[in-house]
Amino acid sequence: MEMCTLEKRGSVFILTLTGLNEHRLNPALLDSIQSALHRVRSESSSSTALITTAHGKFFSNGYDLAWAKTADTNHRLKLMDSKLRSLIADLISLPVPTIAAVTGHASAAGFILALSHDYVLMRKDRGFLYMSELDIGLPIAAWFVAVIRSKIGSPAARREVLLRAAKLTAEKAAELGVVEAVEGGAEETVAAAVRLGEELVGMRWDGHAYGQIRMAVFADLLSAVRCDEEEESLAVKVASRL
Ligand SMILES: CCCCCCCCCCCCC/C=C/C(=O)SCCNC(=O)CCNC(=O)[C@H](O)C(C)(C)COP(=O)(O)OP(=O)(O)OC[C@H]1O[C@@H](n2cnc3c(N)ncnc32)[C@H](O)[C@@H]1OP(=O)(O)O
């Protein structure tokens, strides 16, 4: 079953998480997204940009904990987490500008996926950006915090997101500096992302320079994403709470 599509619209790629489901980040969906990123990398000979968006009322509702809850929970949790980390590292090294067009709820790992883009545009009327770990009693990985620290500048905003589990609407997220722009509905958000993408493509930057500079800007984040020291202990904690 196709879980995401990749289409070229003008000069930009649009990666869409398909289906009216929660787009939970299980290995199948993570693999599908990552192979789309590999296609963007291989086909981005000329200047291009990547927009990531989703169908339905969810951008992504986070890890697929139901999938993980089996006899082999620890292994499955670690598998999801290592696949997401690999995907985030690919986004940071991708030689093209990246834009998340958040057209629905983005929770926990889904929020991390959105934040890992260079720009986040969000629809005004529906959808929350929400780190739900506090509400569901789960610990958080240091690398998740590294993403949030790299992308959300204000300590007050980080407190709202992590220590208050705030459900941020687009307007609140813009006020806290979490998203760049608040658009209308889903279609307007994708259209605004395409306009921004075409504007960035118009700069005709060298993609490898763009990717290298982004990796330099987020060097600390990249090393946190690649470090799996705590994974085992966190997996045990998370598994015990499922
Ligand atoms: C776990 C991996 C371990 C690996 C090994 C260890 C290493 C790492 C360890 C890390 C530790 C774990 C980290 C965990 C990561 C995860 O991803 S775990 C999974 C997390 N996911 C969740 O917890 C799911 C959270 N989601 C929700 O709670 C809900 O889906 C939601 C987002 C709150 C949406 O709820 P829902 O009821 O479906 O929403 P709606 O019906 O759409 O809206 C509710 C009402 O709000 C109104 N509304 C919606 N948007 C807006 C808006 N923008 N503005 C105003 N109002 C809005 C909407 O109209 C609804 O109102 P009513 O119609 O009046 O009800």
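S132 lies in the loop between β8 (129–130) and α5 (133–136). Helices (H or I, at least four residues) and strands (E, at least two) are DSSP runs, numbered from the N terminus. At 9% relative accessibility, S132 counts as buried. Buried means under 20% relative accessible area, exposed over 50%, and partly exposed in between (1.4 Å probe, protein chains only). The C-alpha atoms of S132 and L234 are separated by 16 Å. Along the chain, S132 and L234 are 102 residues apart.

The model is predicted: local features need pLDDT of at least 70, side-chain atom pairs count only at pLDDT 80 or more, and totals for chains, interfaces and linings use all residues. Residues are numbered from 1 along each chain as its sequence is written, and side-chain values use heavy atoms, with hydrogens and water left out.

Two non-glycine residues have a positive phi: A108, at about 50°, and R204, at about 55°. A108 sits in the loop between β6 (105–107) and α4 (109–115). R204 sits in the loop between α9 (186–201) and α10. Their exposure was assigned from relative accessible area. A108 is buried, at 11%. R204 is exposed, at 59%.

The largest nonpolar core holds 67 residues. Such a core is a set of buried Ala, Val, Leu, Ile, Met, Phe, Trp, Tyr and Cys residues joined through side-chain atoms within 4.5 Å. L50, L84, L129, W143 and V178 touch the most other members. Helix α3 gives the most to this core, with eight residues. A second, separate core has 14 residues, among them V12, A192, L200 and V201. In soluble globular proteins, nonpolar side chains tend to be buried together.

L84 touches L25, L30, Y63, A109, W143 and F144, not counting residues up to four places away in sequence. Contact means heavy atoms within 4.5 Å. Three of these partners, Y63, W143 and F144, form one aromatic cluster.

A search of the whole structure finds three aromatic pairs. Rings of Phe, Tyr and Trp (its six-membered ring) pair if their centres lie within 6.5 Å; planes under 30 degrees apart count as stacked, over 60 as edge-to-face and the rest as tilted. The ring centres of W205 and Y210 are 5.9 Å apart. Their planes meet at 25°, so the pair is stacked. W205 is partly exposed, at 41% relative accessibility. Y210 is buried, at 18%.

Helix α3 (residues 73–93) packs against helix α10 (residues 207–217) at an angle of about 120°. Their axes are 7 Å apart. Axes are lines fitted to C-alpha atoms, for helices over the stretch in contact, and angles run from 0 to 180 degrees between N-to-C directions. The two helices are therefore oblique to each other. Angles under 35 degrees count as roughly parallel, over 145 as roughly antiparallel, 65 to 115 as roughly perpendicular and the rest as oblique. L91, I92 and S93 of α3 meet G211, R214 and M215 of α10. These contact residues divide into three nonpolar, two polar and one charged. Ala, Val, Leu, Ile, Met, Phe, Trp, Tyr, Cys and Pro count as nonpolar, Asp, Glu, Lys and Arg as charged, and the others, Gly among them, as polar.

E231 belongs to helix α12 (residues 231–241). E231 is buried, at 13% relative accessibility. E231 touches K78, D81, S82 and R85, not counting residues up to four places away in sequence.
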